[in-house]
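Dear colleague,

I am handing over the structure below, together with some notes on what was found in it. Please read the notes with the structure open beside them.

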Amino acid sequence: MVSPPCGLLTRQKEPVPLKSIAVTLSIRDFVAGVSATLNYENERTVPLEAFFVFPMDEDSAVHSFEAVVDGKKIVAELQEKSEARTNYENAISQGQQAFLLEEDDQAGDIFSCNVGNLPPGSKAALTLKYVQELPLEADGALRYVLPAILNPRYQLLRGTEGGSLQVNTAVVPAKDVPYTLSLAATISSQHGIKSVQCNCPANPIEYLEDKTSAQISLADGHKFDRDVELLVYYSEVHTPSVAVEMGAPATKSDSLMGDPSAMVSFYPNIPEAQSPTACGEFVFLMDRSGSMHCPMNNQDPSQLRIGAAKETLIWLLKSLPLGCYFNIYGFGSTFEAFFPESVKYTQDTMEEALKRVKSMDADLGGTEILAPLKAIYSRASIPGHPLQLFVFTDGEVSDTFSVIKEVKSNGQRHRCFSFGIGEGASTSLIKGIARASGGAAEFITGNERMQSKALRALKRSLQPVVEDVSLSWDLPAGLSAKMLSPEPTVIFRGQRLIVYAQLTGTMPPAEATGKVCLKYTLQGTPFENPVAFSLQPKSDANLTIHRLAAKSFIQTKDMGFQETPANDKKDILKISLECGVISSHTAFIAINKDLNKPVQGPLARSDVPSPMLFAQSRMFGAPIMLCSASAPMPGNSAPRFGACVSMPRKRCKGGGPKLPRLRGGGTRSMEFQALSADAYDDVSVGFSSTDMADLETNHSDDPLVQLISLQKADGSWDLNEGLAVVLGMSLGDIQAALPVKSVDSSGWATVLAVVWLHDKHKDMKCEWELLERKAVAWIHSHAGSATDGLVKAAVGFLKSSVDPAVFAP
């Protein structure tokens, strides 16, 4: 008997109103301006209300929204959110045509676009514009990311408070998405463009002769199976700079939009401390929700996220300094800690932690991070050991602003380093918790290694704290700077710092200059980083710097629609409405008031489907079939997703998929839809590590992983069979080659291990640099004057070309 069709299902018979998405990108130096146009067409015989939910980078400042309906342009107005929602509901109830663009109540990087009363046969083109500053990567690349446009990383938990709109978006395999995406980018910089890289198939890049500008576009037929990423390499990105922008014409002075604004970019040359600090409490909070069983990237399913996470934890544990304290938490619907309290880092505690890491699995259900955060913060601080929190997650939480608020309230006692894993990680969550605690955020996508970014953050956390950070301005008489960004409190080596200021008062003649200076103290030594700049503002029709300044100001105060204190909400509304930059308290509303008569007929609703990033993932040898629950899950006021898993070579009774038993008992009536990877986090279907073994590459046979696993907490290696296997030699030969018989064999083993690292994996030094430092320090303290002889012998024995200088103390 033939099995029933398996796979991802949606309501195929309903025509989808969204036909195409066109994105135009303009990158100028370190800032991107984006215009995204959504083209709709109602092919049905009744008026349509369409819903479209999409992600956007958390740092984006959305400042324009307009609609062109059958040739008529309608520009939206930014209003207080509750007022805009009421006006939208009233308009469509009266048969008027209306459009609403709003930020999600619970996360700052999810937007919904609502098209109400689109008449039969009518076409509408909706355009939203935003600007954002581009982050700087470790290799000097500026990075622009267009998130997998319609990937619903969130099940939006929209309650009735505030009149929120109910949005429930289906997802489908990328190949079945019934609309297209095009992207064209223009890049220009006075610094000169060295190269541009794209992670998706693109047309040949066109450069001008002097390479100060370039053009790139996606190849036709782009699929929604990954974020679109551009890496732009300039000839020089580390030079500090100040850009001054004129205010908006016909706008009163003494207002943010009326006065000139300045964007100050620093790249301070902070020297690296040769002896990292050994103090600190290091807590690693690792996502163990169901979606961590997804591959690290869609193109290469060889390693699962949970596998990469376990490997990363091994690297981190091996790289910690003796004398510090540490703990590891795993979280999902529940959470668990390796130790009741953080423990001192010793060989015994490290070994115990490693055993638990190796047995870890993505088996804790959903993605609920607030409870473990509160548990971590409830622990008493360890005197002399400041808390350093490392958070790893691939998904989202339904209460992003509450999580950020919790981190912010504990911001003075710790720093948080956050890591977003894979396409679809929440930029609002990852960037928000790092910003709230003076930490740093990283995103791991495509073929990037989690280990390298995690170890870079650990290296930063071990550096001495930069203190007494301040910003001073030297401006002509009658002119002053009003800071719009919070003054920096923490600066990391290799980190770029961008701040915004409003210039108030009387602007001097064109030839005048100003100066701004970043001052800080490192280990008792004062440093200054001055930048001189012209006080002749440049004009920009998009008022890019003003918009980014407004966004920077809003981010420091905006804790979400429900969480923001009244005083801060007042400030947010003032700046948001004045500058036209959307916030969680405002929304864009456009109503076509020129219709001769109201749209007639019953109003049909259409939820635009989104692409499934992991539609090809297989569990138990068969494709996942996922469906959405139409009834609330126990203990939750909003619908949650359930899942149907199609078992191989078996039929469900009744010829269809069997509904799962959900937590709390019982089943739910279900409407079949495909879900994103995080959708099955909460479902008790008994996934085990053996069930997923066909997806996970066995990395235990990687010699580098084996070598790292063998290192002891003090940095040394024992001379044993395991080390011999890694070196590819017999244990007897290694023992016989020991050049100084009076030296402990561990000294010989440790020198050999370090030489092997430099010889075989020099390109991965950023991942093993910290544990190598421990090893070299241990060698000098134990081998003493015999060190040079051991090193010379090891280089010859391994037939290596490694420079012995790498063992310098």
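Lys-211 sits in the loop that runs between strand 14 (206–207) and strand 15 (213–217), and its phi is positive, at about 55 degrees, although Lys-211 is not a glycine. Another residue other than glycine with a positive phi is Asp-29, where the value is near 55 degrees; Asp-29 belongs to the loop between strand 1 (18–28) and strand 2 (31–41).

Please keep in mind that this is a predicted model. The mean pLDDT of the chain is 80, and 81% of the residues reach 70 or more. Two stretches call for care: over residues 150–168 the pLDDT is below 50, although this stretch has 77 contacts in the model beyond near neighbours in sequence, and over residues 614–699 the pLDDT is also below 50, with 192 contacts counted in the same way. Where pLDDT is low, the predicted coordinates should not be read in detail.

As for the chain as a whole, it has 809 residues, of which 58% count as buried, and it contains 15 helices and 37 strands. Among the contacts with a separation of 6 or more, 75% are made by residues 24 or more positions apart.

Strand 16 runs antiparallel to strand 10 (residues 142–146), to which five bridges join it, and here Val-145 has Glu-229 as its bridge partner. Strand 16 also pairs with strand 13 (residues 193–198), again in the antiparallel sense and over five bridges, with Ile-193 and Tyr-234 as bridge partners.

Elsewhere in the chain, an open sheet of three strands has the order 26-29-30, and its pairing is antiparallel. Strand 26 (466–474) and strand 30 (525–534) are the edge strands, each of which pairs on one side only, and neighbouring strands of this sheet are turned against each other by 15 degrees on average, with direction ignored. Between strand 26 and strand 29 (residues 513–522) there are seven bridges, in the antiparallel sense, and the bridge partner of Glu-467 in strand 29 is Thr-521.

Finally, a pair of helices: helix 4 (residues 370–378) packs with helix 5 (residues 400–409) at an angle of about 10 degrees, and their axes are 10 Å apart. Helix 4 is therefore roughly parallel to helix 5, since angles under 35 degrees are counted in that way. In this contact, Leu-370, Leu-373, Lys-374 and Tyr-377 from helix 4 meet Ser-402, Val-403, Glu-406 and Val-407 from helix 5, and the residues divide into five nonpolar, one polar and two charged.

Technical notes: Residues numbered from 1 in each chain as written. Predicted model: local features only at pLDDT ≥ 70, side-chain atom pairs only at ≥ 80, totals over all residues. Heavy atoms only, no water. Axes fitted to C-alpha atoms, helices over the stretch in contact; angles between N-to-C directions. Helix = DSSP H or I, 4+ residues; strand = E, 2+ residues; numbered from the N terminus. Parallel < 35°, antiparallel > 145°, perpendicular 65-115°, else oblique. Contact = heavy atoms within 4.5 Å. Nonpolar A, V, L, I, M, F, W, Y, C, P; charged D, E, K, R; others polar. pLDDT = per-residue confidence, 0-100. Pairing = 2+ DSSP bridges. Buried < 20%, exposed > 50% of the residue type's maximum accessible area, 1.4 Å probe, protein only.
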